[in-house]
Amino acid sequence: MSNRVEATVLLLFGDQAEVTTAERGHDDPERVPVDQLVRETGIARDQLPGTDLIAIVGDHGELERFERT
C-alpha cells in the first residue's frame, strides 16, 4: 500500500534533485533523478527548485512517483 506525502524540491545537483518530506528534512534529503521529476510532473528543470509536490511513497518508504500539488 502506498501513501501520498507533501514534498519540496530543495535544489538540483547535477542530474539529481534533493527532495524533502516530513520524514526526510533538509539535513537528509532524498535524491531523485531530475528527468523523473520533469517527466512525471511536466515542470521544466529550471522551475523545479522550490517547487512543492506530492510524492507517492512505496511499501519500503522510497519515493516512487511525483505529482503536482
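Visitor: Hi! Which residues line the largest pocket?
Guide: The lining of the largest pocket is made of N3, V5, T21, A22, E23, R24, E30, V57, G61 and L63. This is a predicted model, where local features need pLDDT of at least 70, side-chain atom pairs count only at pLDDT 80 or more, and totals for chains, interfaces and linings use all residues. Residues are numbered from 1 along each chain as its sequence is written, and side-chain values use heavy atoms, with hydrogens and water left out.

Visitor: How much space lies in that largest pocket?
Guide: About 150 Å³. A pocket here is an open set of points on a 1 Å grid over the protein atoms alone, where a 1.4 Å probe fits, with protein on both sides within 12 Å along at least five of seven lines; lining residues have an atom within 4 Å of a point. The volume is the space filled by probe spheres set on the points, which are joined across faces, edges and corners.

Visitor: How does the lining split by class?
Guide: The lining of the largest pocket has 4 nonpolar, 3 polar and 3 charged residues. Ala, Val, Leu, Ile, Met, Phe, Trp, Tyr, Cys and Pro count as nonpolar, Asp, Glu, Lys and Arg as charged, and the others, Gly among them, as polar.

Visitor: Switching to the fold: in what order do the strands form the sheet?
Guide: The order is 3-2-1-4-5, in an open sheet of 5 strands with antiparallel pairing. Strands (E, at least two residues) and helices (H or I, at least four) are DSSP runs, numbered from the N terminus. Two strands pair if DSSP finds at least two bridges between them.

Visitor: And which strands stand at the edges?
Guide: Strand 3 (30–33) and strand 5 (63–68); each has a single partner strand, so one side of each is left without a neighbour in the sheet. On average, neighbouring strands of this sheet are turned by 45° against each other, direction ignored. The axes behind such angles are lines fitted to C-alpha atoms, for helices over the stretch in contact, and angles run from 0 to 180 degrees between N-to-C directions.

Visitor: How many bridges join strand 2 to strand 3?
Guide: There are 4, between antiparallel strands, with strand 2 covering residues 16–20. A17 has V32 of strand 3 opposite it.

Visitor: What about strand 4, how many of its residues are buried?
Guide: 5 of its 6 residues, so strand 4 is mostly covered. Strand 4 pairs with strand 1 over 6 antiparallel bridges, where A7 faces L53. Strand 4 also pairs with strand 5 over 5 antiparallel bridges, and there I54 has E67 as its bridge partner.

Visitor: Is L53 buried or exposed?
Guide: L53 is buried, at a relative accessible area of 1%. Its contacts (heavy atoms within 4.5 Å), leaving aside neighbours within four places in sequence, include V5, L37, I43 and F66. R68 is 15 residues away along the chain, yet the two C-alpha atoms are separated by 5.0 Å.

Visitor: Which strands does helix 1 lie across?
Guide: Strand 1 (3–13), strand 2, strand 3, strand 4 (52–57) and strand 5, and helix 1 runs at about 45° to strand 5. Q36 sits in helix 1 (residues 34–41) and is buried, with 13% relative accessible area. Not counting residues up to four places away in sequence, Q36 touches E64, R65 and F66.

Visitor: Last one: where is G50?
Guide: In the loop between helix 1 and strand 4. G50 is exposed, with a relative accessible area of 52%. Still, G50 touches T8, V9 and L10, not counting residues up to four places away in sequence.

Conventions: Buried means under 20% relative accessible area, exposed over 50%, partly exposed in between (1.4 Å probe, protein chains only).
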